[in-house]
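Have a look at the structure first, and then we'll go through a few of its features.

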Amino acid sequence: MQYGARAARRQPLFPRCPEPLPREDEAAKEKVGLVPQPGEKRRASRRGRITPARGALTCRGGLLGENIYLVLFTIVLRICNCFLVQTSFVPDEYWQSLEVAHHMVFNYGYLTWEWTERLRGYTYPLIFASIYKILHLLGKDSVQLLIWIPRLAQALLSAIADLRLYSLMKQLENQQVARWVFFCQLCSWFTWYCCTRTLTNTMETVLTVIALFYYPLEGSKSINSIKYSSLVALAFIIRPTAVIPWIPLLFRHFWQEQRKLDLILHQFLPVGVVTLSWSLIIDRMFFGQWTLVQYNFLKFNVLQNLGTFYGSHSWHWYFSQGFPVVLGTHLPFFIHGCFLAPKRYRILLVTVLWTLLVYSMLSHKEFRFIYPVLPFCMVFCGYSLNHLKTWKKPALGFLFLSNMLLALYTGLVHQRGTLAVMTHIQELGYNNPHKSAASVFVMMPCHSTPFYSHVHYPLPMRFLQCPPDLTGKSQYLDEADIFYLNPLNWLNKEFPNNSTMPTHLIIFSILEEEIKAFLISRNYERTAVFFHTHLPEGRTGSHIYIYERKLKGKLNKR
């Protein structure tokens, strides 16, 4: 009896809400008060928020309208996710966010060419700059806190997006379908890999999912046009291409809206004006002049398509490689779910296909660009799992194991060297008795490592530059390209005498043989080795070496 009493009090992680009655049985609904009686109509405000009538059956409580245990579980999972991702993905996660924020607060740090050309806005770095400023005022601005607190903040936002996706599916379908969608979202390897990184694509995905929660999908009980359009506008301010997935969704809303003029004049227009004004004011404060960075960004990346300087792929890359890799082992379940899902989810499928098609027209392609539509795909994957009967348990085990193995490998092993080497560089500033004389030259593909945001000490550092040609010059080569044409010759010309030599060189293992003569002649000795990847490619080696310049006397003693 005592065990039964304790079991009755224990709350499940996924508390059961009353299942919705069949939609066609209006008489049954009226008996339990789910349909408004005469004189008791649903109220719709001018802002587009639909308020359930009095007597409507709801299941809300706890944090974010969900059971508190579910909320805490999701937050703890994403925090663990954060600490289990210790590898680098792309340079932008540091150079377009943390490095800029460090420069904003501490007045040193490197601003890449995008900032001198005003292609990026300060709205997203301002979030991390605010965190840095608070830590600085509290006297807690240690380098480890500067690295991890922004990532933990991003992990918290991603957890909120996960919960909003679950809540939305519970409204649109039922708790059982919502569980499977939630499971697919949490065990997605690419979501695990990206959702705690300080990338604009990560924030774009978070805002897209939360905005979808308020979007007028059929069956949704949380519709609010002001909220969803504000989140879409904020995503556009942070990353202008964030509007691409929302074009079919916005068009559908406008097409189905009866009061179209009211939607534009009283909702979309005020939101757009306020958000754009906010962006203009922030960028005016830091650039020192009025700048519409969203136009500059779209002009460079879309209209002029100059992003091809950083690589290009064939038109079908997203369909043949990008999308299958991002979905991973979810792919067969996504395809299966597309055939099973009700017609009201066609708009989500159209959004996914539209996004893939638009990005396919741009020559420069990356996996992270299509990350914002990945949660849309989880809806179809969850629908597939819900309809499986005989093979459900094997399917769940397959999905979980395959995704977790890939997530842990990419999060803990693949491309970890560029972060590990910065931990070693930190010691030059804090534990080196001769730190005033120390200097570092990163002789790797440009932006391979983080910079001052991961050192937090004004140590003289340099890396190979790679800005694109904005003048239309033919046969243009950046500094990194010129270096790799003949590294030994470049080094001898760049450092004609020993007085200009940096004390530390950082290189990939693949470069060592080519510059060995230079290293020996200038008294450099390898002092540290860091594993980087099992899949070296091009200019990227399997290991990273640190060479330190030694005095002849010290070398002879050794």
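Cys446 and Cys466 form a disulfide, with their sulfur atoms 1.7 Å apart. Keep in mind that this is a predicted model. The structure holds one disulfide. Cys446 sits in the loop between β3 and β4, and Cys466 in the loop between β4 and α21, so the bond ties together parts that are 20 residues apart in sequence. The torsion about the S-S bond is about 75°, so this disulfide is right-handed. Both Cys446 and Cys466 are buried.

| Cysteine | Closest cysteine sulfur | Distance | Relative accessibility |
|---|---|---|---|
| Cys187 | Cys184 | 5.8 Å | 3% |
| Cys195 | Cys194 | 8.0 Å | 1% |

For Cys187, that gap is too far for a bond, and Cys195 is in no disulfide.

Now for strand β5, residues 504–508. Is this strand enclosed or exposed? Five of its five residues are buried, so β5 is largely enclosed by the rest of the structure. His504, Ile506 and Phe508 point one way, while Leu505 and Ile507 point the other way.

With β3 it pairs in the parallel sense over four bridges, and Met443 has Ile507 as its bridge partner. With β7 (residues 543–549), β5 runs antiparallel, joined by five bridges; there, Ile506 stands opposite Ile546.

Note on methods
Residues numbered from 1 in each chain as written. Predicted model: local features only at pLDDT ≥ 70, side-chain atom pairs only at ≥ 80, totals over all residues. Heavy atoms only, no water. Buried < 20%, exposed > 50% of the residue type's maximum accessible area, 1.4 Å probe, protein only. Helix = DSSP H or I, 4+ residues; strand = E, 2+ residues; numbered from the N terminus. Pairing = 2+ DSSP bridges. Disulfide = S-S within 2.5 Å.
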